[in-house]
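Work through the exercises below with the sequence and the model at hand. Each task is followed by its solution in steps.

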Amino acid sequence: MATLYVAHGGGPMPVMGADPVTRRHLESIAGETLRPEAIVCVTAHWEADPIRVSAHPAPPLLFDYGGFPKETYEYEYAARGNPGLALRIRDLLVEAGLGCELDETRGIDHGVFVPLMLAYPEADVPVVAVSIHASLDPSIHLGLGRALAPLRDDGVLVLCSGMSFHNFDGFDFGGQFANFRNTSGMKRPTGAAWDAALADAVFDVQNRAKRLAEWRSLPEADWAHPRGAEDHFVPLLVAAGAAEHDHAHRIFDGAILGTKVSAYRFGGSSG
């Protein structure tokens, strides 16, 4: 199986039709892999120390956003959980020297259900959510990916959900979400320099882990992901760690909310 790093967009906007670009990207991701036996989704919207893994047999949705229309708090996505797979993930992480705990009560946040509602609308693939580590440390997240890598041989899709650019001062929400517009008065970079430098690091298989671990040295890194707010970046490190020696393919290259964004497939083959 491939591993994927996808851009989940802003809140429920892709599902509700307010962000058609991200919607098309997320609808396409099922075609980037063979059909999975299960999906392990590493989500930018769950930080924990130690890393936590959802073991709920029927995880409810967590509407962890605000200010959107009423219907966006009534979505349903009835995918099953997989407590047995969650237990295996915990064991893999402990074996790798990473702390890990099971969480039998947490549902799935919008970093999980928004991509899955669009990519797998039948909700017929079991889903296990995995948190990122609250430290946001690159080495921990590369290690998390390496620990998850054996799951790929069992037909499990490692889906890492974030955004390659995530700075609210750089987004242009527009329309009914105009209250979220940038009001800082700062001249916005286009994000192109950051995106190009990140792609160069991602495509460099031999040196990728080192270059991604040192991602703060890339051009416009602090603009793309302000310090202390890189939660949407570190899932990329997990995807790269889970496919450490595999070539990367860009599966999205466009503008989301007015800013340059990319998404990647590592290894595997398209479905």
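**Exercise 1. Describe how helix α2 packs against helix α4.**

Step 1. The axes of α2 (residues 20–28) and α4 (residues 110–119) come within 7 Å and cross at roughly 70°. Axes here are lines fitted to C-alpha atoms, for helices over the stretch in contact, with angles from 0 to 180 degrees between N-to-C directions. Helices are DSSP runs of H or I with at least four residues, strands are runs of E with at least two, and both are numbered from the N terminus.

Step 2. α2 and α4 are therefore roughly perpendicular to each other, a class that covers angles of 65 to 115 degrees.

Step 3. From α2, the contact (heavy atoms within 4.5 Å) uses Arg-23, Leu-26 and Glu-27, and from α4 it uses Val-114, Pro-115, Leu-118 and Ala-119. Five of these residues are nonpolar, none is polar and two are charged.

This is a predicted model, in which local features need pLDDT of at least 70 and side-chain atom pairs count only at pLDDT 80 or more, while totals for chains, interfaces and linings use all residues. Residues are numbered from 1 along each chain as its sequence is written, and side-chain values use heavy atoms, leaving out hydrogens and water.

**Exercise 2. Identify the pairing partners of strand β8 and say how far β8 is covered.**

Step 1. Strand β7 (residues 248–256) pairs with β8 in the antiparallel sense over eight bridges. Pairing requires at least two DSSP bridges between the strands. In the β7–β8 hairpin two residues lie between the strands, and Leu-257 has a positive phi near 55°.

Step 2. Strand β1 (residues 3–7) also runs antiparallel to β8, joined by three bridges.

Step 3. Tyr-264 of β8 is the bridge partner of Arg-250, and Tyr-5 also stands opposite Tyr-264.

Step 4. Seven of the eight residues of β8 (259–266) are buried, that is, under 20% relative accessible area with a 1.4 Å probe and protein chains only; over 50% is exposed and in between is partly exposed.

**Exercise 3. Is helix α9 enclosed or open?**

Nine of the nine residues of α9 (234–242) are buried, so α9 is largely enclosed by the rest of the structure. Among them are Val-234, Leu-237 and Gly-241.

Terms used
Parallel < 35°, antiparallel > 145°, perpendicular 65-115°, else oblique. Nonpolar A, V, L, I, M, F, W, Y, C, P; charged D, E, K, R; others polar.
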